[in-house]
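The sequence and the structure are shown first.

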Amino acid sequence: MNTVDLETQSLRSLNQSLHDLIGTTEKTKWTVLNPKGAHAIAAGIDSPMDITIDGSAGYFCASMNKQADVHIKGSAGPGLGENMISGTITVDGDASQNAGATAHGGLLNIKGNASARTGISMKGVDIVVHGSIGHMAAFMGQSGNLVVLGDAGEALGDSCYEARFFVRGEVKSLGADCEKKEMRPEHIEFLKDILERTGADAKPEEFTRYGSARKLYNFDVDNASAY
Amino acid sequence: MCGIVGLFLKDKSLEPRLGELLTEMLVTMTERGPDSAGIAIYRNGGGDASKLTLQSENADEDFATIDADLGNAIGATVTSERNDTHAVLSVPSDKIDLARDALSKIRPDVRIMSVGETIEIYKEVGLPKDVAARFAVEKMGGTHAIGHTRMATESGVSTLSAHPFSTGDDQCLVHNGSLSNHNRMRRQLRREGMVINTENDTEVGAAYVSWKMKTGSTLGEALESTIDDIDGFFNFVVGTKDGFGVVRDPIATKPAVMAETDQYVAFASEYRAFVDLPGIDNARVWEPEPATVYFWNH
């Protein structure tokens with residue numbers, strides 16, 4: 001177990017120690033004390049490791065994560081897990097704007113609420129938010145799954161491609177070309193698995209699925225006003 | 001960019017520490033705005049006196065005998081307390097308009113930072129820690145205070161373009177963002193009789209809120225109408241003599257976080273500005289919703 005106290009050690013030395021493990025295969029364990037909202041904690045890591053961040057993190061925490069399992073005991077600032085490739089990020093509190101933006105893979109598990117633009121341009125990540133999310137979530141989402149146990153704000157899934165959205169509560173409004181879809185057995189199966197993996201207290205049948213109406217894929221003059 | 005911090009105390013026992021707590025918050029936001037900084041602090045008010053906070057490029061010369069000179073000009077007792085490039089004048093409240101007019105004649109180069117019963121505004125170009133130190137902000141007590149660290153976008157780096165802006169008695173506003181319709185709105189507000197001194201977009205936002213309150217709106221109503229009438233990106237934090245308000249534009253691209261305990265309400269651009277506040281580990285911490293007005297009153 002490696003413990004790094006950001007009260008006495010620099011953020012740069014922490015991130016350098018984590019980056020020095022890139023290319024290694026042995027699983028390591030890390031605890032980061034006194035994060036106090038610092039930016040870019042554990043950004044750009046790429047090796048199997050468990051990292052516990054003992055408090056709240058600032059911008060871009062665990063962004064570009066590959067392979068690591070990151071647990072934030074507090075809340076996270078903007079850009080949490082941005083461009084994540086694989087691994088998991090679990091946040092006990094809330095996440096600010098742009099959580100999981102452009103992320104290609106892995107699992108982002110937010111136990112509290114997430115704010116605006118959650119999963120914007122998501123490209124394969126699975127995001128589970130136990131609370132509610134803000135406006136413009138999954139704007140231009142390409143693939144992956146966004147599961148929300150609470151409510152979604154305005155313009156969910158605007159201009160989305162093949163990302164799937166499952167919302168248990170209210171959706172304030174759907175974005176352009178995003179529509180309600182039927183729940184098929186494979187969606188129930190998917191939800192059952194991911195809800196169990198993320199410790200979410202909800203039943204798959206309670207969710208509504210949303211996704212692309214696929215009307216904006218190719219230019220059509222009749223849709224000009226929607227572009 | 002730009003950084004905003006604000007602290008509105010509910011617990012009187014914290015009042016002597018207001019300046020110290022705000023300074024820590026302000027300095028933490030240096031990376032968001034290293035070119036200038038300012039604070040508005042509400043303190044030591046009441047009675048029959050009002051305060052004029054002044055700033056001068058030639059403070060030694062301008063402030064040496066300003067109490068006697070202004071006192072003679074308006075026929076009243078005026079006291080002055082110098083603080084670096086600023087001075088706080090205490091003037092009988094019924095003579096405040098006279099004092100403003102007289103100042104423009106006897107000290108035409110002196111700038112009025114704020115007018116009111118309890119507000120004082122201090123702002124200068126420089127790193128937040130240096131600005132806070134030159135005014136000894138950490139020694140100031142008070143009921144509530146707002147601070148700003150600026151990274152200029154809409155207008156140049158100067159003392160007058162630094163925030164907070166005050167466009168009404170005991171009112172101040174700080175801003176993170178940039179406004180799109182400020183030129184047109186500046187012309188409209190000037191036609192309504194509002195005094196706007198700079199080409200800065202934020203001052204127009206401040207004047208808009210002051211104008212709404214002057215024409216009958218409460219602080220909350222004035223902030224509500226910014227959502228409809230002001231175009232652009234903004235987080236506004238506004239102070240009045242006994243109030244503290246927050247509003248974000250509907251798109252909400254600028255960061256904001258709030259914390260509340262039994263002792264205080266705090267606002268900051270980033271959570272890390274809160275980490276030294278007492279009891280923060282047990283505070284309710286949340287991100288204010290877009291297009292939603294929050295305000296607190298004493």
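## Basis of the model

This is a predicted model, in which local features need pLDDT of at least 70 and side-chain atom pairs count only at pLDDT 80 or more, while totals for chains, interfaces and linings use all residues. Residues are numbered from 1 along each chain as its sequence is written, chains are lettered from A and ligands numbered from 1 in the order in which they are written, and side-chain values use heavy atoms, with hydrogens and water left out.

## The sheet of chain A

In chain A, 11 strands form an open sheet in the order β1-β2-β3-β4-β5-β6-β7-β8-β9-β11-β10, with mixed pairing. Helices (H or I, at least four residues) and strands (E, at least two) are DSSP runs numbered from the N terminus, and two strands pair if DSSP finds at least two bridges between them. At the edges lie β1 (2-5) and β10 (178-181) of chain A, each of which pairs on one side only. From one strand to the next the twist averages 15 degrees; axes are lines fitted to C-alpha atoms, for helices over the stretch in contact, and angles run from 0 to 180 degrees between N-to-C directions.

Strands β6 (residues 107-110) and β7 (residues 123-129) of chain A run parallel and are joined by four bridges. Within this pairing, L107(A) has D126(A) in β7(A) as its bridge partner. Helix α1 (residues 11-19) of chain A packs on the sheet and touches β1, β2 (28-33) and β3 of chain A, contact meaning heavy atoms within 4.5 Å. The direction of α1 of chain A makes about 170 degrees with that of β2(A).

## A sheet of chain B

Chain B has an open sheet of four strands in the order β9-β10-β11-β15, and here the pairing is antiparallel. Its edge strands are β9 (172-179) and β15 (294-297) of chain B, each pairing on one side only. The twist averages 5 degrees from one strand to the next.

Eight bridges link β9(B) in the antiparallel sense to strand β10 (residues 232-239) of chain B. V237(B) in β10(B) is the bridge partner of V174(B). Helix α7 (residues 201-214) of chain B packs on this sheet, touching β9 and β10 of chain B, and its direction makes about 130 degrees with that of β9(B).

## Contact between the chains

Chain A contributes 11 residues to the contact and chain B contributes 16 residues. The area buried between chain A and chain B is about 930 Å², with carbon and sulfur atoms giving 46% of this; buried area is the accessible area (1.4 Å probe) that two parts lose on being put together, summed over both. On the side of chain A that touches chain B there are one nonpolar, seven polar and three charged residues. In this classification, Ala, Val, Leu, Ile, Met, Phe, Trp, Tyr, Cys and Pro count as nonpolar, Asp, Glu, Lys and Arg as charged, and the others, Gly among them, as polar.

## Local features

Most residues other than glycine have a negative phi, and most peptide bonds are trans. The peptide bond from H163(B) to P164(B) is cis, with omega near 0 degrees, and P164(B) is found in the loop between β8 (144-150) and β9 of chain B. M64(A), in the loop between β3 (49-54) and β4 (69-72) of chain A, has a positive phi near 65 degrees.
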